[in-house]
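Subject: A structure for you to explore

Hello,

Here is the structure I promised to pass on to you. Please open it next to this email, and then read on for what I found in it.

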Amino acid sequence: MNHFDVVVCGLGVMGCAALHELARRGQRVLGIERFTPGHDRGSSHGSTRIIRLSYFEHPSYVPLVRRAYALWQELEQASGQQLLYVTGVAEMGPPDGTLVAGTLAAARQHELRHEVLSDSELMHRYPAFRLPANFVGVVQPDGGYLAAERSVEALMTQARRAGASVRTGETIKAIEPHPGQVRIVTDSGVVEAGTVIVAAGAWLNSLLPDVTLPLRVTRQVMAWFTPIDPAPFAPGHFPVFLIESRHGMHYGFPPFGNGAVKVAKHHHANQTVDPENYDRTFNSDDEKLIRAAVADHLPSANGQILNAQTCLYTVTPDGDFIIDRVPEFPQVIVASPCSGHGFKFAPAIGEILADLATVGSTRHDISRFSLKRFCRSD
Ligand SMILES: Cc1cc2nc3c(=O)[nH]c(=O)nc-3n(C[C@H](O)[C@H](O)[C@H](O)COP(=O)(O)OP(=O)(O)OC[C@H]3O[C@@H](n4cnc5c(N)ncnc54)[C@H](O)[C@@H]3O)c2cc1C
């Protein structure tokens with residue numbers, strides 16, 4: 001069969017979530033992926049992703065992340081495996097910084113459970129941290145992390161179980177909208193669909209050359225530090241954290257699987273790259289950008305680097321997602337929920353994409369993610 005109700009182009013976490021939701025709704029749906037889902041060339045790999053309810057980026061994300069929590073838990077039940085690890089999240093920095101002030105505003109607006117701790121209270125509760133005297137921390141007990149590759153795999157497995165077709169190792173060469181349908185040309189042939197969802201991550205611009213998408217792809221780096229002293233990182237004693245300091249905004253995770261503490265700098269060097277051709281090795285400049293914060297604020301983790309990986313952010317100018325139908329081609333739906341913070345929302349975004357593909361609208365408020373916002377009105 002080469003005709004589907006919906007074809008999902010790209011099976012990172014977003015494509016898999018859309019595929020799953022569409023299959024659950026009884027749609028004839030096909031997902032096409034160039035590599036193998038869970039691969040390390042896009043944006044959805046690297047062992048863990050933060051999930052947090054209070055949202056420093058903007059309080060309007062809170063209802064969506066609430067829905068995502070419920071759907072991740074449903075997926076855990078359906079797949080019979082743990083995907084979500086609730087460890088608490090500590091967000092630390094100066095009280096008037098982007099991180100602390102933003103998180104507090106969202107927590108207060110949505111009446112979310114949280115505590116505000118001083119620098120010394122934070123260091124008492126979590127002895128691994130070393131913080132300047134003017135720092136405060138917002139601790140959200142519901143925060144934690146998702147097992148990244150396992151989540152992608154669970155979405156994919158459940159999608160197949162619900163009847164989705166999947167083709168991997170197949171590269172999409174062109175997406176051609178025609179009245180009432182779309183032709184998807186791949187290196188193996190042509191597929192037709194009523195609607196196409198383009199969830200191609202860092203490759204979105206190349207798949208939709210006629211659509212103006214103000215997306216920039218940046219190189220990111222994650223590093224796993226072997227603790228000098230593992231005691232403060234014992235299970236149940238160390239939270240997921242974000243810290244805004246003189247070194248920038250860093251984030252990190254309790255050990256997961258390999259005994260090491262994963263730390264990264266949000267946006268890293270903010271270097272624009274071509275996703276087809278960029279340096280995927282870990283160099284000394286990368287190490288400096290991350291280790292500076294570890295040395296100052298997490299000294300007991302400041303041991304040897306066990307592992308490091310690169311990854312890609314696909315960023316919009318305002319840091320909000322793009323999830324919309326293309327005005328000129330409404331049968332084409334664009335999904336770029338990245339800007340470095342999309343993973344946690346994936347099943348809720350799958351729901352939105354399935355709504356747009358099947359009924360043309362969604363009960364979720366996605367006004368913040370529209371393509372219209374990039375159109376000049378003058
Ligand atoms: C280092 C890092 C840390 C992050 N931390 C967090 C976090 O803590 N919390 C959080 O919520 N979010 C986080 N994010 C963001 C989150 O991971 C992304 O928003 C999310 O993974 C984006 O998923 P995606 O499916 O859109 O993209 P991708 O995972 O890149 O998937 C796109 C897929 O499309 C495929 N594709 C592209 N072109 C073609 C083609 N021509 N033919 C066939 N297939 C194609 C690609 O191979 C790829 O598999 C982080 C991102 C990075 C890089």
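Which residue's side chain does a polar contact of 3.1 Å join to the side chain of aspartate 320? The partner is arginine 368. Before you go looking for that pair, please keep in mind that this is a predicted model.

**Around aspartate 320**

You will find aspartate 320 in the loop that links β18 to β19, the strand of residues 322-326. Is aspartate 320 buried or exposed? Its relative accessible area is 8%, and buried means under 20%, so aspartate 320 counts as buried. Leaving aside residues up to four places away in sequence, aspartate 320 touches Tyr61, Ser339, Arg368 and Arg373.

Serine 339 sits in the loop between β20 (329-336) and α8 (346-358), and it is buried, with a relative accessible area of 5%. Its phi angle is near 50°, a positive value in a residue that is not glycine. Histidine 268 also has a positive phi, near 45°, and again this residue is something other than glycine. Look for histidine 268 in the loop between β16 (261-265) and β17 (271-272); at 5% relative accessibility, it counts as buried.

**The ligand**

Now turn to the ligand. Which residues come nearest to it? Of the 35 residues around the ligand, they are Glu33, His39, Ser44, Cys311 and Lys344. Sorted by kind, the residues of this shell are 18 nonpolar, twelve polar and five charged.

The largest share, three residues, comes from β18.

Zoom in and you can check some distances from oxygen atoms of the ligand. One such distance is 2.6 Å, to an N or O atom in the side chain of histidine 39. For the side chain of serine 44, an N or O atom is 2.5 Å from a ligand oxygen. Glycine 12 takes part through its backbone, where a polar atom is 3.5 Å from an oxygen of the ligand. How much of the ligand does the protein bury? Taken alone, the ligand exposes 1000 Å², and the protein buries 97% of that.

Cys311 was one of the residues nearest to the ligand. Cysteine 311 is buried, with a relative accessible area of 5%, whereas cysteine 375 counts as exposed at 54% relative accessibility. If you were wondering how many disulfides there are, the count comes to zero.

Start with valine 6, which lies in strand β1 (residues 3-9). Valine 6 is buried, and its relative accessible area is 0%. Not counting residues up to four places away in sequence, it touches Leu22, Gln27, Arg28, Val29, Leu30, Ala193, Thr195, Ile197 and Ala357. Threonine 48 is 42 residues from valine 6 in sequence, and their C-alpha atoms are 30 Å apart in space.

Next comes glutamine 140, in strand β7 (residues 136-140). Glutamine 140 has a relative accessible area of 2% and is buried. With residues up to four places away in sequence left out, its contacts include Arg52, Leu53, Ser54, Gly88 and Thr103.

Finish with threonine 362, in the segment after α8. Why does threonine 362 count as buried at 18%? Buried means under 20% relative accessible area, and 18% is under that cut-off. Which side chain makes a polar contact with the side chain of threonine 362? It is that of aspartate 355, at 2.7 Å. A polar atom of the threonine 362 side chain also lies 3.2 Å from the backbone nitrogen of histidine 364. Not counting residues up to four places away in sequence, threonine 362 touches Ile352, Asp355 and Leu356.

Enjoy exploring, and send me any questions you have!

Best wishes

Methods. Residues numbered from 1 in each chain as written. Predicted model: local features only at pLDDT ≥ 70, side-chain atom pairs only at ≥ 80, totals over all residues. Heavy atoms only, no water. Near = heavy atom within 4 Å. Polar contact = N/O pair within 3.5 Å; in protein donor to acceptor, adjacent residues only side chain to side chain. Areas by Shrake-Rupley, 256 points an atom, 1.4 Å probe, with all protein chains shown as cover. Helix = DSSP H or I, 4+ residues; strand = E, 2+ residues; numbered from the N terminus. Nonpolar A, V, L, I, M, F, W, Y, C, P; charged D, E, K, R; others polar. Buried < 20%, exposed > 50% of the residue type's maximum accessible area, 1.4 Å probe, protein only. Contact = heavy atoms within 4.5 Å. Disulfide = S-S within 2.5 Å.
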